Amino acid sequence: MNSKIIFSIIFMFLLSMCIPKAKSVDVDITTLGAKADEKTDIITALMDAWKQACAAKGASKVIIPKGTYLLGGPVIMAGPCQGTVELVVEGIIKAPTTLKGDTWVSFEHVDQFTMSGGGTFDGQGQAAWGQNDCAKDAKCDAMAYNLRFNYLNKALIHDITSLNSKNFHVNILGCNDITFKSFTVTAPATSLNTDGIHIGRSKGVNIIDTKIGTGDDCISIGDGSQQVHITNVKCGPGHGISIGSLGRYPNEEPVSGIFVEHCILSNTDNGLRIKSWPGMQSGTATDLHFEDITMDNVKNPILIDQMYCPYNQCNHKAASKVKVSNVSFKRITGTSATPLAVQLVCSSGLPCESVELEDVDLKYTGGDGPATSECSNVKPKIAGTFNVAGCEA
């Protein structure tokens, strides 16, 4: 090796030693005054810790140790950040029993965000559920969602529990590449409007190895959702896994690429559901696939409802303007709590297209005869086992 090469190597080594390395910080909120006494609001300590971590250029952590803490709200942990941030929640965080607005904790405009730790966000929603009349009254007082994830890129949320939210447990909006793994949602069946995870206008959403029991949809998929993969989710109690409702508001974005696989639904009010409002706004939902699903005493196991109109807020006689196409239900087995196990009620103005029913084996748990099926404005392709007579006629 000649002297010039040796000199170059030594120079580059010395130069690398002089370049400052990206610094990371680990901030324990108890070092900033937070107390696990359920009385002292930790909002100031948490926000101070977030600011420190967000400003650091390395891989930083905000740590909430074991214990039970009170966190007022709304709390918005926002980026952009200089490096990556992980929020490690080991303790139980409680919301105030009364909280104004529609948000308790929100994460916004952060890249490569992670939340982990085995901890719990307790929304203390028991008193709020009886006051929630937003489904009937558009001028209702807003109820707080436990967790909002707005405009995140490459996020991972794992080993976290959302408990007794006042409203939706989780709302995902405008995110790209966000994953929930080993996530838990817990609320009683009587908790009104407490969707487990709601997805809207996001691409690349993964919900894996997750358990959801709540008072509304376990997972609801709103307009603009694309490339959503739901795998190995246990749902119940709740209203099932729903696409929609769609077609209620102007300028809704298309829904496409929804894949629900290897899930178990137990004692839910619905199973796999696609719902749109009649006679209102236009939209599309396509490339929707449900495979290897087990039903355990589920009402309405397979349902396309394009006459969805709760509390008579629309014209029942008008056709839905949402086009539903390229839908498959494959290897759906188990028991139905209602005799009508498969009901496909599509729009009379825009009939469903390319709907497949393959290996659907559902047994009615009641004593009024076998499970049946019903199809309107759709001619599904039926293959393999299909023991719910009606739609094949």
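So, three helices and 29 strands in the protein chain, where helices (H or I, at least four residues) and strands (E, at least two) are DSSP runs, numbered from the N terminus. Before I go on: this is a predicted model, so local features need pLDDT of at least 70 and side-chain atom pairs count only at pLDDT 80 or more, while totals for chains, interfaces and linings use all residues. Residues are numbered from 1 along each chain as its sequence is written, and side-chain values use heavy atoms, with hydrogens and water left out.

Along the principal axes, the C-alpha atoms of the protein chain fill a box of roughly 85 × 65 × 40 Å. Of the 393 residues in the protein chain, 49% are buried; buried means under 20% relative accessible area, exposed means over 50%, and partly exposed is in between, with a 1.4 Å probe and protein chains only. Now contacts, meaning heavy atoms within 4.5 Å. Taking those between residues at least 6 apart in sequence, 77% join residues at least 24 apart.

On to the inside. The largest nonpolar core has 95 residues. By that I mean a set of buried Ala, Val, Leu, Ile, Met, Phe, Trp, Tyr and Cys residues joined through side-chain atoms within 4.5 Å. Which residues have the most contacts inside it? They're M115 and F149. And helix 2, residues 43-55, gives the most to this core, with seven residues. As a general point, nonpolar side chains in soluble globular proteins tend to be buried together.

Now look at L87, which sits in strand 5. L87 counts as buried because its relative accessibility is 1%. Beyond four places in sequence, L87 touches L46, V62, I64, F107, F113, T114, M115 and S116. By contrast, L87 and S347, 260 residues apart in sequence, are 45 Å apart in space, C-alpha to C-alpha.

Back to helix 2. The expected span of a helix is 1.5 Å times one less than its number of residues, so the 13 residues of helix 2 should span 18 Å, and the end C-alpha atoms are 18 Å apart, which agrees. The buried residues of helix 2 are A45, L46, M47, A49, W50, A53 and C54. What do they pack against? Strand 1 (26-28), strand 2 (59-64), strand 4, strand 5 (84-89) and strand 8 (113-116).

In strand 4, residues 75-78, you'll find A78. A78 counts as partly exposed because its relative accessibility is 33%. Its contacts beyond four places in sequence are W50, C54, E108 and V110, and W50 and C54 are among those buried residues of helix 2.

Over to strand 21, residues 255-266, where we find G257. Is G257 buried or exposed? Buried, because its relative accessibility is 1%. G257 is in contact with Q226, Q227, V228, T286 and D287, leaving aside neighbours within four places in sequence. G257 and K203 are 54 residues apart in sequence, and their C-alpha atoms are 9.4 Å apart.

Most residues other than glycine have a negative phi, and most peptide bonds are trans. Here, the peptide bond from G236 to P237 is cis, with omega near 0°, and P237 is in the loop between strand 19 (226-235) and strand 20 (241-246). Another cis peptide bond joins G244 and S245, with omega about 15°, and S245 lies in strand 20.

Then there's positive phi. E38, in the loop between strand 1 and helix 2, has phi near 65°. E38 counts as partly exposed because its relative accessibility is 43%. S182 has a positive phi of about 50° although it is not a glycine, and S182 lies in the loop between strand 14 (176-181) and strand 15 (184-186). At 27% relative accessibility, S182 counts as partly exposed too.
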